[in-house]
Every structure is written in C-alpha cells, then in structure tokens.
Amino acid sequence: MVYAGSLMFLPPNHPVSLRDFSQWWTFAKGAQWRHPYGPGSNIRGLDDHPVVHVAFSDALAYAKWAGKDLPTEAEWEFAARGGSTAPSSRWGDEFTPHGRHMANTLAG
C-alpha cells in the first residue's frame with residue numbers, strides 16, 4: 001500500500017552503520033508540514049524552527065510569494081562553504097584523481 005507521509009530524521013542514541021540510512025530516517029504516515037511528526041503532532045511552539053516536509057514546488061511558491069528566489073547551486077555552495085576557498089573535497093577539486101573514484105557517486 002502507498003500512504004501519504006514523509007521521512008523524518010530520528011538520530012539513534014547508539015552507534016549505527018553509515019551504510020544503512022534506515023537506522024536514522026523513518027517514514028511517518030501522515031507527516032506533513034502542519035503535522036511534522038505525524039497526525040497527532042502540530043507546529044505550535046516551532047515558530048523559530050525551519051520548515052520541514054515541503055516539496056521543491058512549495059519552497060519555490062513561498063519564495064515567489066515573499067518576493068525572493070531560491071538559491072542557485074553556486075549560491076548554495078558558497079553559503080555552505082562559509083566563503084571558504086578550500087578545495088571542495090579532502091582529496092582536492094579533481095573529481096576522480098588518477099582515475100580513482102573517491103566517493104560513492106552516480107556515474108552519468
């Protein structure tokens with residue numbers, strides 16, 4: 001069956017394998033921005049928290065309504081780096097140094 005809902009980040013209180021995302025993400029049936037933890041929850045007291053469970057089109061519509069725009073990939077990267085000019089990866093800026101993949105990336 002398919003249910004409307006959303007994934008929620010729930011950090012475990014014990015060490016987990018980084019190979020299995022399901023150990024820290026869980027699907028919550030009925031979770032959406034007004035009910036971030038499922039049908040029994042609400043957003044009262046969360047005014048100073050980031051919005052969750054929104055689609056790209058929702059974020060784009062809000063930005064347009066606010067007279068703003070979403071950041072481009074380059075703007076997001078610049079902000080994420082905090083203005084740093086350091087290489088993008090531990091091994092430098094080359095994607096595959098010496099023809100070797102250094103990260104789990106999707107080819108193509």
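User: Before we look at any residue, what do "buried", "exposed" and "partly exposed" stand for?

Analyst: Happy to start there! Buried means under 20% relative accessible area, exposed means over 50%, and partly exposed lies in between. Take Y62 in this predicted model: its relative accessibility is 55%, so Y62 counts as exposed. W65 is exposed as well, with a relative accessible area of 68%.

User: Which element holds Y62 and W65, and how far apart are they in it?

Analyst: Here is the general idea: an α-helix has 3.6 residues a turn, so residues three or four places apart point the same way. In our case, Y62 and W65 sit three residues apart in helix α1, separated by about one helical turn.

User: How many residues of α1 are buried?

Analyst: Of the ten residues in α1, one is buried, so the helix is hardly covered by the definition we began with.

User: Now to the rings. How many aromatic pairs are there?

Analyst: Two rings pair if their centres lie within 6.5 Å, and the angle between their planes then names the pair: over 60 degrees is edge-to-face. The count here is two aromatic pairs. One is F9 with W25, an edge-to-face pair with 5.4 Å centre to centre and 65° between the planes. This pair links distant parts of the chain, since F9 lies in strand β1 and W25 in strand β2, 16 residues apart. The rings of Y62 and W65 have centres 5.5 Å apart and planes at 35°, so that pair is tilted.

User: Are F9 and W25 buried, exposed or partly exposed, and what are their values?

Analyst: F9 has a relative accessibility of 47%, so F9 counts as partly exposed. W25, at 33%, is partly exposed too.

User: Which residues make the nonpolar surface patch?

Analyst: The patch is made by Y3, L7, F9, F21, W25 and F27, and it covers about 630 Å². Strands β1 and β2 (25–29) each supply at least two of its residues.

Terms used
Residues are numbered from 1 along each chain as its sequence is written. This is a predicted model: local features need pLDDT of at least 70, side-chain atom pairs count only at pLDDT 80 or more; totals for chains, interfaces and linings use all residues. Side-chain values use heavy atoms; hydrogens and water are left out. Patches are made of residues with over 30% relative accessible area and no salt bridge: like charges are joined within 9 Å, nonpolar side chains (Val, Leu, Ile, Met, Phe, Trp, Tyr) within 5 Å. Accessible areas come from the Shrake-Rupley method with a 1.4 Å probe; for residues, only the protein chains shown count as cover. A salt bridge is a side-chain nitrogen of Lys or Arg within 4 Å of a carboxyl oxygen of Asp or Glu. Helices (H or I, at least four residues) and strands (E, at least two) are DSSP runs, numbered from the N terminus. Rings of Phe, Tyr and Trp (its six-membered ring) pair if their centres lie within 6.5 Å; planes under 30 degrees apart count as stacked, over 60 as edge-to-face and the rest as tilted. Buried means under 20% relative accessible area, exposed over 50%, partly exposed in between (1.4 Å probe, protein chains only).
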